[in-house]
Each structure stands twice: as C-alpha cells, then as structure tokens.
Amino acid sequence: MSALLQFDGLERTTLPAKPVHLAIGMFDGVHLGHQSVIESAIHSARRSGGQAGVLTFWPHPSALFRPDQPTRLMQSPAMKRRVLGGLGIDFLVEQNFSREFAGIDAREFVAFLRRHLPQLAAVYVGENWRFGRDRAGDIALLVEEGRKVGLAVFSAPRLNHNGAPISSSRIRELLATGSVAEANALLGYSYFAEGMVERGRQLGRTIDFPTLNLAWAPELRPAYGVYVVEVLAAQQHPLKGVANYGLRPTVEQTSRPLLEVHLLETSSLTYGDKLTVKWLHFLRPESKFGSMEELRLQIARDRDSALTFFRKPAG
C-alpha cells in the first residue's frame, strides 16, 4: 500500500494526473455514516483508475462562528488522520476553516475546488451537507454547479442505528454519559485515546495496582469513570486492562483529568512509550472513597469485572 499523501490546505495540494474522487466533510469521529461517504469515493476511484481523497477542516466551524461555545471535538487532527488513513484513501487535505474560506460564495465553491484540484471528477458528501457563505449551499446547488463543469455529485443518505440517525453529536452525547459500547457501535470501531506514558505519583503501586499514566487531553472529555480497555503499543500484542479517567478525588482533586491504565497481564511498557488505549466497556462512574483501603478494594472489584468481561464470548 502506498503512503497516504497529506496536504495542509488546498492551495498546497499537488496530486498525480488521475481523476480525483473527493469526499468532503468535517468527519469528526469518522463514524459509520462518514465511512459510507468516503467508501463511495474509494470504490468509484478504484473502478475508474482514479484517486480517492478526503477534504476535511480544522478547526470546527463553530470555533469561528461561536467562539464562546465551540463544539468540543472527540478527535484530534492526528487521531482523525489515523482513522481516515485506515480506510484506504490515497490523499488527505486538511483545510484551515478560516474566515476567508467560510466567506466563499456557495455558487463559487465548485469553481474554487476545480481551481485547486483540476482533475476533480466527482465529490461525495452527506445528504445534509451545507457549504459556502452563510451555509447557503446545499446538495441541489452543488449538483447544479457541478453540471456546468461536468462534475459528478454523490450524496449519501444518513445511516440509522436503533431508529435514530448516526451523527457526531449523538456519539458525543453517548461518550459524555459513559455509553462507550453504544458509541463504538455507531463509530464502527473502538473509541480510543493516544498518548505517551508519563511519570505519576506511583500511588497505585502502594495499593498493589500499578498504573500507566497517559498524557491525553481531548477537547471532548468522556464521562469520568472506570472502563474496560485494550492497550496497544508498537510491536506488541494487544493487552487487556482496566482504566480510570477522571480527577482522582480520593487521592487528590486534580484540575486536569488523568487516564490511568492498570494492565491485567504482564508487560514491559514504561515511561515514554506511546500507547493507544481502546475503550470497550463502562464499569462505573468515578467515586470518592473514604480511605485508600476502600479504594483498593473497589479497584480489586473493578479488576475482577474487567476479567469477567474479557472471558465473555465475542458477540
């Protein structure tokens, strides 16, 4: 598989001379609905000998239009790049969502794309996607302007799960309430955190539950609590674990939430290692205990619950 081409803005994008099939969207979470849009672009590109790519944005438009109440994103740009790259696209363009970009007239948007991507053959979006100044552009306008220059437009219908549309906002709400298993069902993969193992106060060792402390600061904070997790590191098999994410009220009331992972099997992981932590199942909310002994006993119960989870047959 060839390396993913990555570009910082359309003005810096240079591609091979092959037809371009472009999926466009914010794609926060890259959930199953997003994947259906992107996979359509990939399939069309493969059939026609073209190249498939994604045009996405940073920051979220709300940071420009509602700076006092911006949408808290569930993924950093690096995490989104990782998920998008895993879908099999050929290139990725991350466009700065600036006031200038937001001010492009909707009727000029197709011409703007063609100016920077002269090989553009087709665009792929969700059925409710809006674009251009004041979000005046919709699918009908995109089709109208596309026809003028021979550009095909594909719009994917929203996918539903349990009778309701899959959306980034719905997944954010699920994560905020600890419903990580349902969030994973909508994502199509396990929600994950990434970061380097940093040195902590090593209090876990004193109660026989050493932890790996991860440097991780997401915009959208999942519910504070205890989770069953799977840990991945370079050149190692996945490791089973149980994690606490929160402010550690029993030990110290911190202002910055911490992600602490206790592994259920032996490992050589240590400070400075980069880890991916997949969140599988919510066990309980974070609680304040009356003593370190009470905390130790609860962690032991959490560990047993996590082991029981992993013993269950898949599916």
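The following legends describe close-up views of a predicted model.

**Figure 1. The cis peptide bond between Trp 58 and Pro 59.** The peptide bond that joins Trp 58 and Pro 59 is cis, with omega at about 0°. Pro 59 belongs to the loop between strand S3 (51-58) and helix H2 (61-65).

**Figure 2. Positive phi at Val 30.** Val 30 is not a glycine, yet its phi is positive, at about 45°. The residue is located in the loop between strand S2 (20-24) and helix H1 (32-48). Val 30 is classed as buried because its relative accessibility is 0%, and the cut-off for buried is under 20%.

**Figure 3. Positive phi at Asn 162.** Asn 162, also not a glycine, has a positive phi of about 55°. This residue is placed in the loop between strand S7 (160-161) and strand S8 (164-165). Asn 162 is classed as exposed because its relative accessibility is 68%, and the cut-off for exposed is over 50%.

Figure 4. When residues up to four places away in sequence are left aside, Gln 298 touches Arg 284 and Phe 289.

**Figure 5. The tilted aromatic pair of Phe 57 and Phe 101.** The model contains 21 aromatic pairs. In one of them, the rings of Phe 57 and Phe 101 lie 5.5 Å apart, centre to centre, with 40° between the planes, and the pair is tilted. The pair links distant parts of the chain, with Phe 57 in strand S3 and Phe 101 in helix H4 (residues 99-102), 44 residues apart. Both Phe 57 and Phe 101 are buried.

**Figure 6. A cluster of aromatic rings that includes Phe 57 and Phe 101.** Ring pairs connect Phe 57, Phe 65, Phe 97, Phe 101, Phe 109, Phe 112, Trp 129 and Phe 131 into a cluster.

**Figure 7. The charged end of Arg 82 over the ring of Phe 192.** The charged end of Arg 82 is positioned over the aromatic ring of Phe 192, at 5.2 Å from the ring centre.

**Figure 8. The charged end of Lys 240 over the ring of Phe 310.** Here the ring belongs to Phe 310, and the charged end of Lys 240 sits over it, 5.7 Å from the centre.

How values were computed:
Residues numbered from 1 in each chain as written. Predicted model: local features only at pLDDT ≥ 70, side-chain atom pairs only at ≥ 80, totals over all residues. Heavy atoms only, no water. Helix = DSSP H or I, 4+ residues; strand = E, 2+ residues; numbered from the N terminus. Buried < 20%, exposed > 50% of the residue type's maximum accessible area, 1.4 Å probe, protein only. Contact = heavy atoms within 4.5 Å. Phe/Tyr/Trp six-rings, centres within 6.5 Å; stacked < 30°, edge-to-face > 60°. Lys NZ or Arg CZ within 6 Å of the ring centre and 35° of its normal.
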